Amino acid sequence: MAGRRRGGQVVDHHRQWPITDDLATLRDDIQRFAGQAGLAGARLDDLVIAANEAAINVLEHGGGAGTLAMSTDGAVLAVEVADEVGTLSPAAVPGRRPTGRSVRGFGLWLMGELCDSVTIEQVPGRSTIRLSMNLDTGHLDTGGPAAGAGAAPVRGNVRPI
């Protein structure tokens with residue numbers, strides 16, 4: 001896989017894994033890729049938690065199968081989690097924090113709180129949630145390719161670092 005050199009190591013620009021019930025291995029893969037891309041500390045932890053939540057949603061609500069792909073352009077690290085059912089829509093995202101009595105919606109809300117931007121794209125038979133973290137704090141991710149037709153931003157604010 002093509003990559004670029006950073007401090008003597010080669011960093012891949014794109015990786016993809018199947019989503020299975022082995023979430024511990026998937027979290028390790030996410031952490032490794034994101035760390036090599038330059039994410040560290042609490043922001044790395046935030047991305048791992050958010051991506052884990054998205055993978056759990058695929059297992060519980062997205063037909064039990066999907067993929068998690070990660071990519072970076074050097075300024076933004078993106079995680080795209082796709083299911084094979086296509087029922088997740090932007091309308092599923094709560095507009096504000098769910099109450100303690102809410103049965104659902106915490107995972108999607110949490111993803112929006114932990115990541116710099118989140119978009120959902122829904123096409124027949126497939127839903128994709130894109131989680132983005134800025135690697136360069138001077139660059140604001142506006143949703144990238146997934147923000148095109150059929151996609152809607154969940155959260156576009158950048159949290160203070």
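**Entry 1: the helix α2.** I began with α2, residues 41-61, which has 21 residues and reaches 30 Å from its first C-alpha to its last, close to the 30 Å expected at 1.5 Å a residue. The expected span is 1.5 Å times one less than the number of residues in the helix, and the helices (H or I, at least four residues) and strands (E, at least two) are DSSP runs, numbered from the N terminus. I note for the whole notebook that this is a predicted model, in which local features need pLDDT of at least 70 and side-chain atom pairs count only at pLDDT 80 or more, while totals for chains, interfaces and linings use all residues. Residues are numbered from 1 along each chain as its sequence is written, and side-chain values use heavy atoms, with hydrogens and water left out.

I then looked up which residues of α2 are buried (under 20% relative accessible area, with exposed over 50% and partly exposed in between, for a 1.4 Å probe and protein chains only). Among them are Arg-43, Leu-44, Leu-47, Ala-51 and Val-58. The cover over the buried residues of α2 includes α1 (23-37) and α3 (106-114) as well as the strands β3 (14-19), β4 (66-72), β5 (76-83) and β7 (126-134), where contact means heavy atoms within 4.5 Å. Just after the helix, Gly-63 takes a positive phi of about 90°.

**Entry 2: the strands.** Next I followed the strand pairing, for which DSSP must find at least two bridges between two strands. β3 and β4 run antiparallel and are joined by six bridges, with Arg-15 standing opposite Met-70 in β4. On from there, β4 and β5 are also antiparallel, joined by seven bridges, and Ser-71 stands opposite Ala-78 in β5. These two strands form a hairpin with three residues between them, and Gly-74 in the turn has a positive phi of about 95°. β5 in turn pairs with β7 in the antiparallel sense over seven bridges.

I checked burial here as well: five of the seven residues of β4 are buried, so β4 is largely enclosed by the rest of the structure. For β5, seven of the eight residues are buried, so this strand too is largely enclosed.

**Entry 3: the nonpolar core.** Which residues touch the most other members of the largest nonpolar core? I take a core as a set of buried Ala, Val, Leu, Ile, Met, Phe, Trp, Tyr and Cys residues joined through side-chain atoms within 4.5 Å. The largest one has 33 residues, and Leu-47, Leu-68, Met-70, Ile-129 and Leu-131 touch the most other members. The elements that give two or more residues to this core are β3, α1, α2, β4, β5, α3, β6 (117-123) and β7, and α2 gives the most, with eight residues.

**Entry 4: the salt bridges.** How many salt bridges does a search of the whole structure find? With the criterion of a side-chain nitrogen of Lys or Arg within 4 Å of a carboxyl oxygen of Asp or Glu, the search finds three.

Asp-116 and Arg-43 meet at 2.6 Å, N to O; Asp-116 lies in the loop between α3 and β6 and Arg-43 in helix α2, so the pair ties together parts that are 73 residues apart in sequence. Asp-116 is buried at a relative accessible area of 2%, and Arg-43 is buried at 11%.

Arg-130 pairs with Glu-80, the closest N and O atoms being 3.3 Å apart; Arg-130 lies in strand β7 and Glu-80 in strand β5, so parts 50 residues apart in sequence are tied together. I see that Glu-80 also stands opposite Arg-130 in the strand pairing. Arg-130 counts as buried at 9% relative accessibility, whereas Glu-80 counts as partly exposed at 29%.

Asp-29 forms a salt bridge with Arg-32, with the closest N and O atoms 3.0 Å apart, and both lie in helix α1, three residues apart, about one turn of the helix. Asp-29 is buried at 14% relative accessible area, while Arg-32 is partly exposed at 48%. I also noted a polar contact of 3.4 Å between the side chains of Asp-29 and Trp-17; a polar contact is a pair of N or O atoms within 3.5 Å, where, within protein, one must be able to donate a hydrogen and the other to accept it, and residues adjacent in sequence count only if both atoms are side-chain atoms.
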